[in-house]
Amino acid sequence: MAEANKRRPVFFNLTQIQMPVGALTSIGHRVTGVLLAVSAPFGIYLLDLSLQDPRSYARVVSYFDQWALRVVAIVLVWVLAHHLLAGTRHLLSDADIGSQLPAARRSAWFVNVGGIAVALLAAGALL
Amino acid sequence: MKKPFTGLRAWLVQRLSALYMLSFIVFFLIHFAVDAPHSYEAWRSWMTGSGVRSAAAVFFAALLAHAWVGLRDVILDYIHPVAFRFGSFVFVGVGLTATGIWVVRILSTEHGFAV
């Protein structure tokens, strides 16, 4: 049995594997989580600046006049939205809500599309 | 040695911190939707009011714990050589601790009760 297992073909070419929609939600949850951890210090830096004095507060506000930073902000809105929606889906599934496959597929679609929709709304507001 | 953030406890930490952060973010967004602070004074007095300040302190504590459990899972999944894995834990641990100290400085007397 162990011998047979060793000889099994391994096929992990992610670009060719047919991934179910929940896999994208899950990978997205992980990737966005790492991105949030990486961006947290930048957010905290802005918080620090914004509270220091009126001049540095004005500087933080003026950062968002820049086109490039608005794009970054919109991407981060997607990152946060996807992570929160996917996380909420996880919590509901812990409570045994939507764990059955059809419901889980629907909620996975909802998360993937919902994250993008929130980012588009933010883009509409910011651009 | 008792490991604080592994197994069932890590699972629980991840969920409790998520629930708290979710509530705080909703509260924050509602404040900005209803009564967005449009000046430095308004922003500072809201942020440094004792209620919001404490709630934000708990938010950042939850954030750091949540980030630790999440990054730890990612490291355990992808980084296998022991030395490299250990180095990654140290890197993340030091980074999160430094971030925590920074947040405490921001939320303590610095901008609030002083003046």
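Trainee: What should I know before reading?

Mentor: This is a predicted model: local features need pLDDT of at least 70, side-chain atom pairs count only at pLDDT 80 or more, and totals for chains, interfaces and linings use all residues. Residues are numbered from 1 along each chain as its sequence is written, while chains are lettered from A and ligands numbered from 1 in the order in which they are written.

Trainee: What ipTM does the predictor give the complex?

Mentor: 0.89, and the pTM is 0.89. For chain B, the mean pLDDT is 91, and 90% of its residues reach 70 or more. pLDDT is the predictor's confidence in each residue, from 0 to 100.

Trainee: How many helices and strands in chain B?

Mentor: Four helices and zero strands. Both are DSSP runs numbered from the N terminus: helices are H or I with at least four residues, strands E with at least two.

Trainee: Why is chain B more spread out than a compact globule?

Mentor: Its radius of gyration is 17 Å, well over the 13 Å that the globule rule gives for 115 residues, so chain B is more spread out than a compact globule. The radius is taken over C-alpha atoms, and the rule is 2.2 Å times the number of residues to the power 0.38. The C-alpha trace of chain B spans about 50 × 30 × 25 Å along its principal axes.

Trainee: New topic. How many residues of chain A are in contact with chain B?

Mentor: 18, against 17 residues of chain B. Contact means that C-beta atoms, placed from the backbone, lie within 7 Å.

Trainee: Which element gives the most to that side of chain A?

Mentor: H2(A), with 12 residues.

Trainee: And the largest nonpolar core, how many residues?

Mentor: 25. Those with the most contacts inside it include A:Trp78, A:Ala81, B:Leu63 and B:Trp68. H3(B) gives the most to this core, with nine residues. Such a core is a set of buried Ala, Val, Leu, Ile, Met, Phe, Trp, Tyr and Cys residues joined through C-beta atoms within 7 Å. Buried means 20 or more other C-beta atoms within 10 Å of a residue's own, with C-beta atoms placed from the backbone.

Trainee: What does A:Ala81 touch?

Mentor: A:Gly114, A:Gly115, A:Val118 and A:Ala119, not counting residues up to four places away in sequence.

Trainee: Which residues of H5(A) are buried?

Mentor: A:Ser107, A:Ala108, A:Val111, A:Gly115 and A:Ala119. They pack against H2 and H4 of chain A.

Key
Contact = placed C-beta atoms within 7 Å. Buried ≥ 20, exposed ≤ 12 C-beta atoms within 10 Å, placed from the backbone.
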